[in-house]
Structure formats: structure tokens, C-alpha cells
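Take a look at the structure below. This briefing covers the fold of one chain, then the way two chains meet.

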There are 2 protein chains.
Amino acid sequence: MSRSSGPLLAPKPAVVLLSGGLDSATVLAIVRAGGFAAYALSIDYGQRHRAELDAAARVAQAIGVSEHRVVTVDVGQFGGSALTDASIAVPIDGVKPGIPVTYVPARNTLMLSLALGWAEVLGANDIFIGVNAIDYSGYPDCRPEYIAAFEALANLATRAGVEGRALHVRAPIVQLDKAQIIELGTRLGVDYSATVSCYQADGQGRACARCDACRLRRDGFVRAGLPDPTVYA
Amino acid sequence: MSRSSGPLLAPKPAVVLLSGGLDSATVLAIVRAGGFAAYALSIDYGQRHRAELDAAARVAQAIGVSEHRVVTVDVGQFGGSALTDASIAVPIDGVKPGIPVTYVPARNTLMLSLALGWAEVLGANDIFIGVNAIDYSGYPDCRPEYIAAFEALANLATRAGVEGRALHVRAPIVQLDKAQIIELGTRLGVDYSATVSCYQADGQGRACARCDACRLRRDGFVRAGLPDPTVYA
């Protein structure tokens, strides 16, 4: 008997990391289309683009979740990233090779560890994250081998692993380019006007059009041949 | 030329997870004895035994650190553990087989991910954690294979890994029993009266004598043949 197809069974819970950006909104739509009950998790890590968290709430509401939680972690105190340290400028002169100053040390490991903790409490076997290894910004923790290593860790770290339940860390858009992500999300009904990708969006969520995140996003809409609903400052 | 032995070189930085308990105090003493500059990290995760954090500050002061930071993360909102959820009682009827209700979901993964982030910013290649697989409470994330998996993850997750610098996650007391830990720490000059292990210590840090942590600790002093400086309520 399949555990997932019976119409009388409650949908399986899945924890979804939801930043408020384009990628994680698409992942949330994939999770809902897959029939999961979505438990969306956003992390307030002191990011300068606070509008992202407002966007996460809008996206959760629009796509539909069973619950949306925000966990606050003050890693901004460590510094070391343009996204958490106001003294380091967000680069606006184009995407360069290598790891950029917008890289937040160990951010995905931190976010996945929080997702893992909530998944354990919920009894969820699936964690979704919108990392992307194609049109990405050179962050080491966006690669498929990183996700596989976290999944291995998760199964050793937890009650689920000890009890023989397999935990899955799923990165469904990791091998899609930005245009493909936008095409997929559009087919799934995602309203990208609710999302904020810009690293230095203003208080109203308006994008700068010049940071790496803005450039990758805008190019994606162009290449997908779809109208860009982003509100620029 | 050795990078670690030159007297003119600054000591290498290491991040040390410091809970305020007996095990992590011993690890901090090992780190200092090893010639590292210690960057102690404590996590306020909503634990009911707040006296632990006061103890961490005392221990950091007594043993000597370059810096001591406390990061607050509100994972208590997830519930699921007697250590963060006041509605779940801390067991006081002896250590049982299996994973106890004091297990905090994904706690060590969360703490190591925060240590990893700070290590990246500091340029530290070494992270120390006082997990113990012998006299422990049945937590899955205290086993050597878990630590090895986190080290593998760390090297994929970070700038250090990408740049070919190896990160090490070190658990120097993982294979020692509680008596051996106490003997080692005593030789290194640890004043265990500053530490708090009890899961439900009172506001003055006095121990209950009945929870798993108290039982393991007290038995350790007895087996080590050393006086137990713990203040019991």
C-alpha cells in the first residue's frame, strides 16, 4: 500500500525554507503541487534586506502553507558578509567569478539545521531548499554535493535516522537555470511580484536592479520570455 | 616550517562550543593546553536551565578565552524537548535506554553550524565540541560518526573547503567516560565548581541530583575518586 497516494490519508508534512525570493517561492509551489502539507520556515539572520521577510509572509499566504514560522538568529554579530554587515558594500558592478562578499558564512547549514529541528518535531521526513547551482552567486553551500552531505548528516543526527526513517533533503531546482525556474513557477501559478530577490531592497521591497541577485533575476525573465513583475526603486 | 610551533607566530584560533557544563569546560581546557586562542561560543536556545549560560561565562573567564559570544536562537518555539518546553517534565527516575525527552531536536547540528559560521569569519580551521559517546544520554548527535559527517559537510559548505584549507571538527572527549573526563580536566586545572550540568538547575545554579545529567556527573566523580564540588539544591 502506498503511503502517499491514499486520498483518505492526511498529506505528508514537509519543511520548506522560504526566504521570500524567487527560488524558494518556486520550491514552495513545487511542494504544494506535490501534495505535501507545507511548513514554511524563514530565518531572520540580521539580513540587511528585511523586505525579504515581508515577502516570505506574502508568498506563504499566496501559495498556501499549513504554518509559517520565523526564527531569529543573531549571526549578524559575527560579521563577514555584505548581507549582514552594513560596513561592507553590496557589489553592484556585475557577477564575478569566485565567492562574493554577499556570502553569509555557513548560512545554508544554519538554515537547514533549523529546518531539521522543526522537521523532527513535526515528524516530517522531507526538507526542501531552493538552492541553485546554475545561475547562482558562487556560494559553496549551493552545490548538489553539499546538499547530499547535509542529507547524510541529517540521518545520523536525528531520532528519525536512529529509528530507521529516512530523512530527505530535497533541492528540486538545483540543476535548473533561472529562466527554467521562472518558467516552472509560472506554470505552477507563482506570482513573482510578491517575491523580493534584491540584496539591498528598500523598505517597500523595491529592487536596486544592480546587485548580483537583481541581475540574475532580470536575465532570467528576459531569457524565459516572460514579463518581469519586479518593482525597481 | 611548522605553522604551529614558532614562538613568534600568533596562536591559531579555534572555536569552542561552551555550554557551561562539565564536558565543554574540559574541552576548553584541552584547547587552551593545546596552545590555541579560544573563541568560546554559547547558544541560548531557550533551555530551561538558564544557569548553564551563567556558568559558561564563569568558565570562559576562569580558563581564559580570547572572546566569548552568546548567540540567541528561539528554537524553543518548535517544542519537542523537556529542555525547552516547560510542559514536558525532565525525567528524574534514572538513565534509560533509547533517546530521552531531554533530547533537543538537531541541537548539535545547530550549534555546530553557528560555530562553523564564526570559524569562517575568524579564519579558524578548528572547531571543538564536547560531545561524548560513552557516559551520555542516548542522543544520536553525540556519536563519532555524526561528528565525522559534520566535518565532511563543513568542508563542502565553506570558503575554507573551496580554497583547499581543511576544517576540522574535533571531539576530544568523545571516547572518554565521565570519570576519565573529570580526571583529565582536573589535571588541566579545571575548577568544576564553576560548571553546571543539571537539566533543571535553579536560578543559583544548584543541581537537582536526580536528572540524567546529575546522575552521570555524580557517578563520574565517585568513579574518579575525586571530591564532587557540585552544589545541590
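How many helices and strands does chain A have? Chain A has seven helices and five strands. Keep in mind that this is a predicted model.

**The fold of chain A**

- Follow the sequence of chain A and the elements come in the pattern β-α-β-α-β-α-β-α-α-β-α-α.
- Of the contacts in chain A with a separation of 6 or more, 72% link residues 24 or more positions apart.
- Buried residues make up 50% of the 233 residues in chain A.

**Dimensions of chain A**

- The C-alpha trace of chain A spans about 55 × 40 × 30 Å along its principal axes.
- A compact globule of 233 residues would have a radius of gyration near 17 Å, and chain A agrees because its value is 17 Å.

**How the two copies are related**

- Rotate chain B by 180°, with 0.0 Å of shift along the axis, and chain B superposes on chain A with an RMSD of 0.0 Å.
- That is the relation of a two-fold axis.
- The same surface serves both copies, as 100% of the contact residues of chain B recur in chain A.
- Which residue of chain B comes closest to the rotation axis? B:Val73 does, with its C-alpha at 2.4 Å.

**The interface**

- In chain B, 38 residues are in contact with 38 residues of chain A.
- Four elements of chain B each supply at least two residues of the side that touches chain A: strand E3 (67-72), helix H3 (107-122), helix H4 (144-157) and helix H5 (159-162).
- H3(B) gives the largest share of that side, with 10 residues.
- By class, the side of chain B that touches chain A has 22 nonpolar, 10 polar and six charged residues.

**Where helix H3 meets its copy**

- Helix H3 (residues 107-122) of chain A pairs with H3(B): their axes come within 9 Å and cross at roughly 170°.
- An angle over 145 degrees counts as roughly antiparallel, so H3(A) is roughly antiparallel to H3(B).
- From H3(A), the contact is made by A:Thr109, A:Leu110, A:Ser113, A:Leu114, A:Leu116 and A:Gly117.
- From H3(B), the contact is made by B:Thr109, B:Leu110, B:Ser113, B:Leu114, B:Leu116 and B:Gly117.
- Which classes of residue make up the contact of H3(A) with H3(B)? This contact has six nonpolar, six polar and no charged residues.

How values were computed: Residues are numbered from 1 along each chain as its sequence is written. Chains are lettered from A and ligands numbered from 1 in the order in which they are written. This is a predicted model: local features need pLDDT of at least 70, side-chain atom pairs count only at pLDDT 80 or more; totals for chains, interfaces and linings use all residues. Copies are superposed by least squares on the C-alpha atoms of residues with pLDDT of at least 70 in both. Two residues are in contact if their C-beta atoms, placed from the backbone, lie within 7 Å. Ala, Val, Leu, Ile, Met, Phe, Trp, Tyr, Cys and Pro count as nonpolar, Asp, Glu, Lys and Arg as charged, and the others, Gly among them, as polar. The radius of gyration is taken over C-alpha atoms; the globule rule is 2.2 Å times the number of residues to the power 0.38. A residue is buried if 20 or more other C-beta atoms lie within 10 Å of its own, exposed if 12 or fewer, and partly exposed in between; C-beta atoms are placed from the backbone. Axes are lines fitted to C-alpha atoms, for helices over the stretch in contact, and angles run from 0 to 180 degrees between N-to-C directions. Angles under 35 degrees count as roughly parallel, over 145 as roughly antiparallel, 65 to 115 as roughly perpendicular and the rest as oblique.
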